[in-house]
Amino acid sequence: GLVIDGRTLEHVLHDSLQSIFLELTEKCRAVVCCRATPLQKSVLVRLVQSKLKAVTLAVGDGANDVSMIQVADIGVGISGQEGMQAVMASDFAISQFRHLKKLLLVHGHWCYTRLTNMVLYYFYKNVAYVNLLFWYQFFCGFSGTSMTDYWILILFNLLFTSVPPIIYGVLDKDVTAEILLQLPQLYTVNK
């Protein structure tokens, strides 16, 4: 692990030392920056994003973490004694730090699988509908007539765009929460 304070981080973030610092951090399992300014936090997150091409997660509990949370790909705000600024600027909010494990391992997995399946669903729905319109044009001689009334088209899109995602989002859990918490290695990238 690597623990670095704000004064040292000030020197490390200069252009000449950034690549050496990133090489060092890649060899560590954990990097902790303490006593860093809000600007240093956001610069460090942006540096990791641009140089390492990594997806970044920022966790903060106060107003001094807002810039870091906004720069990161995923921001988690912890509601606490310092106020609600971090929560308001974040993508996800939790009440205590101990809930972060469940947010990442369980809800992160479920959200990822639901989003991927919903992209496939919307693609399939749109392909089916466009295919139907395409073949209808041969039937009507490319006259441009509408196949259905407008209210049916609106109802079709409303029903097939809102109801299945709600049902799917509530009911779909491919792996139970207990298994996801017991096996965090499900998230490692296999090459």
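In an unreviewed entry, UniProt lists residues 119-138 and 150-171 under "transmembrane region"; its positions are given in the numbering used here, feature names are shortened, and annotations may be inferred rather than shown by experiment. The structure is a predicted model, in which local features need pLDDT of at least 70 and side-chain atom pairs count only at pLDDT 80 or more, while totals for chains, interfaces and linings use all residues. Residues are numbered from 1 along each chain as its sequence is written, and side-chain values use heavy atoms, with hydrogens and water left out.

Both listed spans are helical in the model. Residues 119-138 are 100% helix and 0% strand, with end C-alpha atoms 29 Å apart. Residues 150-171 are likewise 100% helix and 0% strand, and here the end C-alpha atoms lie 32 Å apart. Helices (H or I, at least four residues) and strands (E, at least two) are DSSP runs, numbered from the N terminus.

The chain is divided into domain 1 (2-95) and domain 2 (100-188), with bounds that come from an automatic or database domain assignment. Taken over C-alpha atoms, the centres of the two domains are 34 Å apart.

The largest nonpolar core comprises 10 residues, including Leu2, Ile4, Val12, Phe21, Leu44 and Leu47. Such a core is a set of buried Ala, Val, Leu, Ile, Met, Phe, Trp, Tyr and Cys residues joined through side-chain atoms within 4.5 Å; buried means under 20% relative accessible area, exposed over 50%, and partly exposed in between (1.4 Å probe, protein chains only). At least two residues of this core come from each of β1 (2-5), α1 (6-12), α2 (18-26) and α3 (38-52). Apart from this core lies another, of 7 residues, among them Ala58, Met68, Val71 and Ala86.

Helix α3 has 15 residues, which at 1.5 Å a residue should span 21 Å; its end C-alpha atoms are 21 Å apart, in agreement. The expected span is 1.5 Å times one less than the number of residues. Its buried residues are Gln40, Lys41, Ser42, Leu44, Val45, Leu47 and Gln49, and they pack against α1, α2, β2 (31-34) and α4 (66-71), contact meaning heavy atoms within 4.5 Å. Just after α3, lysine 53 takes a positive phi of about 55°.

The structure holds 0 disulfides, a disulfide being a pair of cysteine sulfur atoms within 2.5 Å. The sulfur of cysteine 33 has its closest cysteine sulfur in cysteine 34, at 7.7 Å, which is too far for a bond. Cysteine 33 counts as partly exposed because its relative accessibility is 31%.
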